[in-house]
Amino acid sequence: MSGSGRRRRSGTIRAGRSRATVALAVLTGLMACLDARESRSVDASGDREGEGSAVSVEGAFALDPLGGDRIAIYANLVNAGSSSDTLVSITTDVGGSSSLHEMALEEGIMRMRPIPAIAIPAGSSVLLEPGGLHGMLEGLERIPAAGQKIRVTFYFSGTAPIEAVLPVRHPGDVQGGHAHP
Amino acid sequence: MTGGRPGHARLHDTAPFRRRWPPVRAVVGGLLTFLLGCAAPEEGSRLAIVSERLSATQHLQPYHMPVVTLTDQTGAPFELRARAAGKVTVLYFGYTQCPDVCPITMSRVARALSLLDEETRARVLAVFITVDPERDSPEEIGRWLGAMDPSIYGLTGSQEAVDDAVRQLGFLLPPLERPDSGWYEVAHPAALFLFTPELLGRYGYPHGDPTPEALAEDLRNLVTFDW
């Protein structure tokens, strides 16, 4: 999925919500809660859920690809709403096709697996961080470097897309990281 | 040295050994510690002192530096044991398309190396070995390491040679299945290994994530130790 044409102009890092959406969320709250249980498992197809979700993207950054044509995207995805949501894809202004990955450390071996979506349960947050979950864009049209900024749009199953400007950080400047099991 | 000690022969008398197992175990443990202490009293305590100073985890069963000849980023052959002998070696396995842990780990290695004085740096060998040699040509590794520290050796070779090097350290990687196009999974050992000049991997960071300052300090300690 490389369609930069899907990008929407939201102007803010937080998804726009109307009072109507919130009211609807309250009305459908019970049903949404039931949905949330099921959608804890990764599922990209849920398009009914998320009416009550209110996802925001915090502390997002991209990792300097060091001249390579793929870039990893990290963020804290916060769902303050009453129903679960899922991150389904990412686009950027530097191109690249989107995929979502998880890293797993098993018996000293680090593995990376593609996953269809990243669930963000209601009232909680999911951290995309080095050594854990991340979004990745491969086959970049333009290769950014540390110190630059890129424009990234996060697409969710239940919330309007969120556009954010992300700093590109050199891997040597990334604190923490390496999710320890 | 082991013979002639009163009570030592009783270890072979299995029946009482089993019955009075816990106290006997304590006695055996004490005796072994005592004997080991006698064997190399200074060596043991010297090693314990340096180990205690390090941030790195000590491997009670040291790894042996793999016997392998690969190709560095300039295209020159690189015989790992010959090049590492007499140096403190930082060794990491990864791949250049690795999204985060590989560049983060190698960037930290690069930063740590930059913190060393010239004399210490000259006694440290930093080596990156790709586990995805088909995609990671010498040129590709050269570009990737060049963005961090070109003095780090980046090695590639045949898939068999790389897999064998990993296997010699006791890790079994899942086989790479490469579709004609698109994504494929690459697995690699997570650890950053530290080898002492006698080519023993006595220390390491299981998740490959020392801070540059901690790694630099560990390298200083290891370089100044008389192995």
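Predicted model: local features only at pLDDT ≥ 70, side-chain atom pairs only at ≥ 80, totals over all residues.
Author: Residues are numbered from 1 along each chain as its sequence is written, chains are lettered from A and ligands numbered from 1 in the order in which they are written, and side-chain values use heavy atoms, with hydrogens and water left out.

Reader: What makes residues of chain A and chain B count as in contact, and how many are there?

Author: Contact means heavy atoms within 4.5 Å. By that rule, 35 residues of chain A touch 31 residues of chain B.

Reader: How much area do chain A and chain B bury between them, and what does buried area mean?

Author: The figure is about 2,600 Å², with 58% of it on carbon and sulfur atoms. Buried area is the accessible area (1.4 Å probe) that two parts lose on being put together, summed over both, so the value covers both chains.

Reader: Why is the pair A:Asp173 and B:Arg111 called a salt bridge?

Author: A salt bridge needs a side-chain nitrogen of Lys or Arg within 4 Å of a carboxyl oxygen of Asp or Glu. The closest N and O atoms of A:Asp173 and B:Arg111 are 3.0 Å apart, so the pair meets the rule. B:Arg111 lies in helix 5 (residues 101–114) of chain B and A:Asp173 in the segment after strand 10 (162–169) of chain A, so the pair joins two chains. Helices (H or I, at least four residues) and strands (E, at least two) are DSSP runs, numbered from the N terminus. Across this interface the rule finds one salt bridge, and over all chains the structure holds nine.

Reader: Are B:Arg111 and A:Asp173 buried, partly exposed or exposed, and what makes them so?

Author: Buried means under 20% relative accessible area, exposed over 50%, and partly exposed in between (1.4 Å probe, protein chains only). B:Arg111 has 33% and is therefore partly exposed; A:Asp173, with 40%, is also partly exposed.

Reader: How do you know whether B:Glu198 and B:Arg202 are buried or partly exposed?

Author: B:Glu198 has a relative accessible area of 28% and so counts as partly exposed, whereas B:Arg202, at 17%, counts as buried. Their side chains meet in a salt bridge (2.8 Å, N to O).

Reader: What makes A:Arg113 and A:Glu106 a salt bridge?

Author: Their closest N and O atoms are 3.1 Å apart, so the distance falls within 4 Å. A:Arg113 is partly exposed at 24%, and A:Glu106 is partly exposed at 36%.

Reader: Why are strand 5 of chain A and strand 7 of chain B said to pair?

Author: Two strands pair if DSSP finds at least two bridges between them.

Reader: Which strands of chain A pair with strand 10 of chain A, and in what sense?

Author: Strand 1 (residues 55–63) runs parallel to strand 10 and is joined to it by two bridges, with A:Ala62 opposite A:Val168. Strand 9 (residues 149–156) runs antiparallel to strand 10, with six bridges. A:Arg151 stands opposite A:Val165, and a hairpin of five residues joins strand 9 to strand 10.
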